[in-house]
Amino acid sequence: MKNAKQKRSRSSRDSGSLLPRLGRIITVTILILVALLAGYTAGSYFEAGLSIFPADSRSGAEGPEGDADGNSEAVREETDQTDPARLIHPDFSLDENSLVELVDRTLMGMAGTLGSADRELIRNAILRRPEVFLDRIASVLDGDPMLYVLADKEHFLPEGYAPADLVDMNEYSARLILNRGDLSLRAGVMPALLAMSEAARQDGILLDLSSTYRSYEYQAGLFQRWVDQLGLEEAERVSARPGTSQHQLGTTMDFGSVTPAFAEHPAGIWLAANGWRYGFSLSYPDGYEEITGYAFEPWHYRYVGPDLIFLQREFFLDIQQYLMLFLDEAAEALSAARS
C-alpha cells in the first residue's frame with residue numbers, strides 16, 4: 001500500500017510540473033509564430049513600398065553589380081548608348097548618321113573658305129547639340145529665304161532684283177536719325193530697327209543711319225567711283241561690284257560715319273555689343289577679310305532675324321559668312337529632309 005501511495009504521489013508531482021512547462025513551450029511557440037508573421041508582413045509592405053519608386057532609384061538595394069541575375073548593368077549600358085538610326089528632330093527625317101554625313105559634306109564644300117580648325121569647331125558645335133541646331137534650322141526654312149541668301153563676291157543677285165516691301169524711312173524720321181532723305185528698307189526690318197534704336201537711346205546712344213537699300217544701278221555707279229578713286233584692286237576691298245552688295249537685299253544698313261573710326265565711337269561700341277540682340281549681324285568683322293572678301297567695316301550690319309543670329313553665334317563662331325555659306329550649301333538638302 002505504501003508503495004502504491006508513493007507512486008501516485010510522484011505521478012501527481014510529475015503532472016503538476018509538466019503542465020507549466022507545456023504552457024511555456026506553447027507560449028514561446030506562439031510568440032515565435034507571431035514574430036515570423038510580423039516579419040513577413042513587414043517585408044511585404046517594404047517591397048510594396050519600393051515598387052512605387054523607379055528601378056534606378058533603388059539600385060542600392062541590389063548592390064553596385066546589379067540584380068540577382070546580373071542584368072541591370074547591361075540594361076544601363078544599353079540605355080546609355082545612342083541609337084544612330086534614331087530620328088533627331090520630328091521635323092526632319094535625319095538620324096545621327098545622316099546628319100553627320102550632311103554636315104561633313106557641307107563643311108567640305110566650304111573648304112576653300114573654311115580652315116580646318118574652324119571647320120572642326122563648327123562641326124563639333126552642331127553635332128554636340130543637333131536637336132537645338134535642327135530646331136532653329138526648321139524655323140529658318142519656314143521663314144523668308146532672302147534673310148539668308150548669299151550675296152558676296154562669288155554669289156550674285158539678279159540685276160533686276162528689288163524687294164517688293166521697301167518702305168520710305170522718312171515715315172519714321174521722328175524716331176530715327178536719318179543722314180539722308182532717300183533711305184528705304186524692307187518693312188520686315190523696321191520693327192527690330194526701331195526697337196534697337198529705342199534701346200540704344202535709353203542707354204544714351206544715338207544711332208544714325210547713313211545708307212540702306214541700294215539698287216543694282218546705284219551700286220554700279222558707286223563701285224565705279226571707288227575704282228576711279230582707288231584703283232580696281234583697292235576698290236574691291238571696300239566696295240561691292242553691282243549684284244554682289246548686301247545693300248541690294250533691303251535688309252542691310254550702314255551706321256554713323258562709315259569710316260574705321262566708327263569702331264571706337266560710342267554708337268559703334270554699343271552696336272558691336274548689342275546689335276545681335278535685335279537680329280542684326282556685323283557682316284565684315286575685323287581679321288576676316290580673307291573670308292568675307294572685304295576689309296573691316298564696323299558700320300555695316302545686315303538684319304538676319306533672331307533664329308539666324310542664334311545659329312551664327314551658337315554654331316558658326318559668330319561669323320555671318322560661315323553661316324551663309326553653310327546654308328547656301330545645305331539649305332536644299334535640309335529642306336528635302338523635312339519630314
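Me: Helix axes here are lines fitted to C-alpha atoms over the stretch in contact, and angles between N-to-C directions run from 0 to 180 degrees. With that settled, at what angle do the axes of helix α4 and α13 cross?

Reply: This is a predicted model, and in it the axes of α4 (residues 96–109) and α13 cross at roughly 145 degrees and come within 9 Å. The crossing of α4 and α13 is right-handed.

Me: What makes α4 and α13 count as meeting?

Reply: Contact means heavy atoms within 4.5 Å. By that test L102, R105, T106, L107 and G109 of α4 meet F326, E329, A330, A333 and L334 of α13. The residues of this contact of α4 with α13 divide into six nonpolar, two polar and two charged.

Me: On to the next pair. Why is α12 called roughly perpendicular to α13?

Reply: Helix α12 (residues 306–315) packs against helix α13 (residues 320–336) at an angle of about 110 degrees, with the axes 9 Å apart. The range for roughly perpendicular is 65 to 115 degrees, and that is why α12 is described as roughly perpendicular to α13.

Me: Which residues of α12 and α13 meet?

Reply: On the α12 side they are L308, L311 and Q312, and on the α13 side Q320, L323 and L327. In the contact of α12 with α13, four residues are nonpolar, two are polar and none is charged.

Me: And why is α6 called roughly antiparallel to α12?

Reply: The axes of helix α6 (residues 130–142) and α12 cross at roughly 150 degrees and come within 9 Å. Angles over 145 degrees count as roughly antiparallel, so α6 is roughly antiparallel to α12. The crossing of α6 and α12 is left-handed. From α6, the contact uses V132, F133, R136, I137, S139 and V140, and from α12 it uses P306, D307, L308, F310, L311 and F315. The residues of the contact of α6 with α12 divide into nine nonpolar, one polar and two charged.

Me: How do you know whether L317 is buried, exposed or partly exposed?

Reply: Buried means under 20% relative accessible area and exposed means over 50%, with partly exposed in between. L317 has 31%, so it is partly exposed. D318 has a relative accessibility of 35%, and therefore D318 counts as partly exposed as well.

Me: Is D254 buried or exposed, and how do you know?

Reply: The limit for buried is under 20%. D254 has 2% relative accessibility, so D254 counts as buried. It is found in strand β5 (residues 252–255). Leaving out residues up to four places away in sequence, D254 touches D208, L209, S210, S211, R214, H247, W299 and H300.

Me: How many residues of the protein count as buried, as a percentage?

Reply: Of its 339 residues, 38% count as buried. The protein has 13 helices and seven strands, and its accessible surface comes to about 19,100 Å², with 55% of that belonging to carbon and sulfur atoms. Among contacts with a separation of 6 or more, 67% come from residues 24 or more positions apart.

Note on methods: Residues numbered from 1 in each chain as written. Predicted model: local features only at pLDDT ≥ 70, side-chain atom pairs only at ≥ 80, totals over all residues. Heavy atoms only, no water. Helix = DSSP H or I, 4+ residues; strand = E, 2+ residues; numbered from the N terminus. Parallel < 35°, antiparallel > 145°, perpendicular 65-115°, else oblique. Nonpolar A, V, L, I, M, F, W, Y, C, P; charged D, E, K, R; others polar. Left-handed = near helix turned anticlockwise from the far one by under 90°. Buried < 20%, exposed > 50% of the residue type's maximum accessible area, 1.4 Å probe, protein only. Areas by Shrake-Rupley, 256 points an atom, 1.4 Å probe, with all protein chains shown as cover.
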